[in-house]
Amino acid sequence: MYGRLPIAKMLGVTVALTAAISAVMVSINWDGQEASTAAPKIDDLLNVMIVISSFVFSLVIVMLFYALWKFKAKPGDESDGEPIHGNTRLEVAWTLIPTIIVLFGGGYSWKVLHDIEEPVKDALTVDVFSQQYAWSFGYPGKDNKFVEGEFHVPVNRQVQFKMHAQDVIHSFWVPEWRIKKDNVPGITTTAIVTPDKIGTYQLICTELCGFGHASMRAKVVVESPAKFREWVTGLKQTIPQPFLDSIQQDTETNPVPLDAGGA
Amino acid sequence: MVAAIKRPGWTRGALGALAAAAFGFGLVIALRAISDLPLYQTEQTGYPHVVVPLILAPLGFLAGFGCFDYWLRWAAGMPTIPEDHSQHGAKSWKDYFRFNTDHKVIGIQYICTTFFFFFMGGLMAMLIRAELAQPGTQIVDAATFNSLFSTHAVLMIFVFVIPVFAGIANYVLPLMIGAPDMAFPRLNALSFWMLPLAGLLFIGSFLAPGGAFDAGWTGYAPLSTGAPLGQSFFNLGVQFAGASSIATALNFLVTIITMRAPGMTFWRMPLLVWANLSTSLLVVAATPFIAGAQFMVLFDRILHTNFFQFAAGGDVISYQHIFWFYSHPAVYIMMLPGFGIISEVISTHARKPIFGYRLMALALIGIVVLSYSVWAHHMFVAGMFSWLRVPMMLTTLLIAVPTGIKIFSWLGTLYFGKIHTYSTAMLFALAFIVTFTIGGISGVMLGMVPIDIHVSDTYFIVAHIHFVLFGGSVFTIFSGIYHWFPKMTGRMYDEKLGRVHFWGTLVGTWGTFIPMHWIGMDGMPRRVADYATQFGNWNLLISCCAFFLGACQLVFLYNMIVSWRFGPKADANPWRANSIEWQVSSPPPIFNFDEIPRVVGGPYEFGVPGARHAIMAGEGAEVPAAEPSVVGSST
């Protein structure tokens, strides 16, 4: 009754536009260097999302610009459009299809989350202590080695960071590892990382913690197990008493892996 | 002089504020004196001799200004003053500066006040971008920088975006449903006058020792519980803004439910009315949570309670749960009224009924329900129980579905229409669809826990919130202001300047906020006064675009002021719209309608031969009577 839309052509343009946008977007390495086993998994998820998002964006653009090109009123045309109030099939489609897409994304994310947080038995534990505006680190064991402003970890071994904040909330982020976790006063939080590239990185505080927030950084060194052992053994300081107290007193709120159910 | 003191108004208001402040100050000093405490407690979190007067002075002002006069007389058993409507309507500009119970005057008071704070907040944004144009510290030190971005966000959120929608709806909504005014005009006036007080408290915090509040608009404990005095200004300002918001929402709910014109069934309400119904449902239930959170912080600060004092057994993370239980619904409080505006503008300028009207209304309700179940997605890296992240992720992703329905239905509305793009309102509405889609896409990515773990608290977040709040909410606000400007002022604005403003704003928005996604993913954290030199060039570009964006807003300001004064006279219905507010003169008469209109059909019946939305007074003879089953079934 009111003409047909060139649906096949519109879809074709949408797909072409999607391909063009996602080809460019996926070829760029947005998140920077990958230096942990979690990083490629997260970046793959991001790339899948970029492709899906490019499709959604292209669809909106094509629908909008086709309508503007085709249905723009001629100058002086004061008549009304066709009195179409809706189309149940179309409305059901644009309710159900996005639901399926986001649930797929949710399931995929859940899988990735499970994979990157899977704890292993021989993991190395490192204590992280944060205070305005400095980081320090402890290596629990009989020596309780301690170091300020810099820490080393061996490559290809899972590290479980147990985090303690002394004053306000800070957040532990190493962008190349794609891992971030808040350090919260009064509780112990945990982050799990398996670094897989030797190198020097930067630990960045990402939770506003006061005027020194921007400069609250620490050096991160990932090195071979042998070098790491040598470095730890050479450390002179031991974990100071206040920090040992916070390990003792902080409640562990996050002790169970994702699939253990929680309670 | 005596008369000025007796009469409600500015003189009595100022005296009331002074008297209340003096009483509060005296009370604190006296109590401390008889308790043998030092008279002045000036630990940075203390200052009771400042905080108590700050609570009382605004109340004293409101009482003096006349906000409570009618109720107090009634409560005291005194004879009430018969309503002579002397506080109703505006004959000169001076009437906008007094206690006024006319919803149209209050609407304009709201809009002008909130735009004042918009420009104040914008000025702070310019300072922030000036500092960030180069790595290192050039213009402000790190502490001032923290104050600037905190105040910028707070002004924009609490005294611009949320209340400007209340202002637009205040003006338009009673007209749209065929009501002579809001249900509670005096409460409406009180709601408005609390708002500038909140804004003044936020800005006034720059005068406090230690500077303005600097813990971000989120004010996370324990950074906020230990922050200097300025934080208390924030805690109190939020109370006034929140009370204003809640009272207005109650007013809207009662107005919408009880004051619709005969024949205006729920399914005949324009979508702007649906949007404000949904928003009000969110406001009344969610806003008390932020009020509570800020009271708890204030009590921790000055009464030494231990809600968030971890050393004394307080729970730091619970602040975030309470805060976000309001503040996530708040993003919909800042978006749903805009959805309503876009529906009105697109339908009118495409000359088409809204595509899937009922699903559009249901999507709003769907968003309301879902938005209460997603708050902890702000806390994926906060250290809460790990399993809670998964259900919160799924609900977060699902909320994209009703939002997507709205986007597709607006696009569907354009098809087979006659799209007119001469109005700046329509340009902003069309651009909104695209920018908001980008904001929605980055929102879905952020909803996915693994991606969020990486980009949380980076510039990606800054990009996302500005795409949804600036590219989303603010675009809808501009669209609404342009759309109803002729109705509100009785004059037309300059479309040429409108176009300059539109294109400048569009380019400025994209140029400013798109690159922020990139530097965020690449490793630049948010809320930093200084950053790694590798981000220098991008930040310079962002700052230049931000200055351009800021300058374009001056075009808008100029256009609005000059057109309001000198613009050509507007017809009653310059956009040939169907809804009731366009069927009365521009601006509408003081009580809106000589006779309440009868609603006989849907609000968007463009192109339906002979269809009418409403029959106005004196028209009865020309139009066949509505079907009896519909007339009078207003509830």
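Modeller: I start from one residue pair: His152(A) stands opposite Val221(A), which lies in E10(A). This is a predicted model, in which local features need pLDDT of at least 70, side-chain atom pairs count only at pLDDT 80 or more, and totals for chains, interfaces and linings use all residues. Residues are numbered from 1 along each chain as its sequence is written, while chains are lettered from A and ligands numbered from 1 in the order in which they are written.

Strand E10 (residues 217-223) of chain A pairs with E4(A) in the parallel sense over five bridges, where pairing requires that DSSP finds at least two bridges between two strands. The elements themselves are DSSP runs numbered from the N terminus, with helices (H or I) of at least four residues and strands (E) of at least two.

Both strands belong to an open sheet of five strands in chain A, with mixed pairing and the order E4-E10-E9-E6-E7. Its edges are strand E4 (150-154) and strand E7 (179-183) of chain A, each of which pairs on one side only. On average, neighbouring strands of this sheet are turned by 25 degrees against each other, direction ignored.

Against this sheet packs helix H4 (residues 225-233) of chain A, which touches E4 and E10 of chain A; contact here means that the C-beta atoms of two residues, placed from the backbone, lie within 7 Å. The direction of H4(A) makes about 140 degrees with that of E4(A), with axes being lines fitted to C-alpha atoms, for helices over the stretch in contact, and angles running from 0 to 180 degrees between N-to-C directions.
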